[in-house]
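Student: I would like to learn how to read a structure model. Can we take one feature at a time?

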Amino acid sequence: MSMWKISSVLLCLLLTVAVLGQQPGGPIVIQGATVITATGRPTIRNAAIVIEGGRITAIGPRAEVKMPRGAQTVNANGKWIIPGLIDAHVHITQSGGLYTRPDVVDLRKWRSYEKELEWIKQRLPFTFEHYLLSGITGIVDCGGPMWNFEMRDIASRTKNAPRV
C-alpha cells in the first residue's frame with residue numbers, strides 16, 4: 001500500500017472521528033479496519049474501536065469487543081488505522097521561511113524577527129491542525145524563544161491540536 005493511500009486512510013478516519021465525536025448522543029464504534037498496534041502485539045484484522053466521551057475505551061477483534069448500545073458505527077472495512085505519532089523534535093518558532101533564523105541568515109533588514117514570530121503565533125491553529133492531519137498527535141518543541149509554555153497552553157485550548 002502506498003504512503004499516499006495510508007495517509008489518506010488515516011486522514012479520513014481522523015476526520016470521521018472528529019466530526020462524529022462532536023455530535024452528542026453517545027459512543028462511536030469504528031469497525032472492520034486493520035489496526036496496527038504500538039504495543040508490539042500482532043496486527044488486529046477486522047477490528048472494532050469503541051470511542052466514548054472522546055476517548056478510546058475498547059479495541060480488539062470485532063468479534064471480541066462489546067459494542068455499546070446505540071453506538072454510531074463507522075464502516076472501515078479495507079482501511080488501516082495506526083497509533084497517533086509523536087514528533088519529538090520540532091521547533092514551532094521556525095516556520096521554515098527565510099526570516100526564521102537571523103542567527104544563520106540575518107534578513108532582519110527586510111523583515112523583523114518580531115514580525116516573523118508574530119506571524120508564526122497567528123498561524124498556530126493552522127500548524128496544529130496540520131500536525132493532526134499528518135497523523136501526529138503529540139509534539140515536543142526542542143527550543144526557541146521562551147514562549148513554549150504559552151504555546152502548550154494555546155494547544156490545550158485549541159480544538160484541533162496535538163498534545164504539546
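Student: Which residues line the second largest pocket?

Tutor: Start with the general idea. Rolling a probe the size of a water molecule over the atoms shows where empty space is left. Here a 1 Å grid is laid over the protein atoms alone; a pocket is an open set of points where a 1.4 Å probe fits, with protein on both sides within 12 Å along at least five of seven lines, and lining residues have an atom within 4 Å of a point. In this structure the second largest pocket is lined by Val90, His91, Ile92, Gln94, Ser95, Trp119, Ile120, Arg123, Leu124, Phe126, Thr127 and Tyr131. Two elements each give two or more residues to that lining: helix H2 (113-122) and helix H3 (124-133). H3 supplies the largest share, four residues.

Student: What should I know about the model itself?

Tutor: This is a predicted model: local features need pLDDT of at least 70, side-chain atom pairs count only at pLDDT 80 or more, and totals for chains, interfaces and linings use all residues. Residues are numbered from 1 along each chain as its sequence is written, and side-chain values use heavy atoms, with hydrogens and water left out.

Student: What is the volume of the second largest pocket, and how do its lining residues divide?

Tutor: The volume is about 180 Å³. A volume is the space filled by probe spheres set on the grid points, which are joined across faces, edges and corners. The lining divides into seven nonpolar, four polar and one charged residue. Ala, Val, Leu, Ile, Met, Phe, Trp, Tyr, Cys and Pro count as nonpolar; Asp, Glu, Lys and Arg as charged; the others, Gly among them, as polar.

Student: How many helices and strands does the protein have?

Tutor: Helices (H or I, at least four residues) and strands (E, at least two) are DSSP runs, numbered from the N terminus. The protein has four helices and eight strands. Their order from the N terminus is α-β-β-β-β-β-β-β-α-α-β-α.

Student: Which residues of H3 are buried?

Tutor: An α-helix has 3.6 residues a turn, so residues three or four places apart point the same way. Buried means under 20% relative accessible area, exposed over 50%, partly exposed in between (1.4 Å probe, protein chains only). In H3 the buried residues are Leu124, Phe128, Tyr131 and Leu132. Down the axis of H3 they fall within an arc of 100°, so they line one face of the helix. The arc is that of the directions from the helix axis to the C-beta atoms. Gly135 follows H3 and has a positive phi, near 90°.

Student: Which residues of H2 are buried, and which exposed residues sit on the face turned away?

Tutor: Glu116, Leu117 and Ile120 are buried in H2. They cover an arc of only 95° around the axis, which puts them on the same side of H2. The face turned away carries the exposed residues Glu114, Lys115 and Gln122.

Student: Which residues of helix H4 are buried?

Tutor: In H4 (residues 148-157) they are Asn148, Met151 and Ala155. Their arc is within 55°, so they line one face of H4. Phe149, Ser156 and Arg157 are exposed on the face turned away from the buried side.

Student: Which ring does the charged end of Lys121 sit over?

Tutor: A charge sits over a ring if NZ of Lys or CZ of Arg is within 6 Å of the ring centre and within 35 degrees of the ring normal. The charged end of Lys121 sits over the ring of Trp147, 4.9 Å from its centre.

Student: Is Gly60 buried or exposed?

Tutor: Gly60 is buried, with a relative accessible area of 5%. Gly60 lies in strand S4 (residues 55-61).
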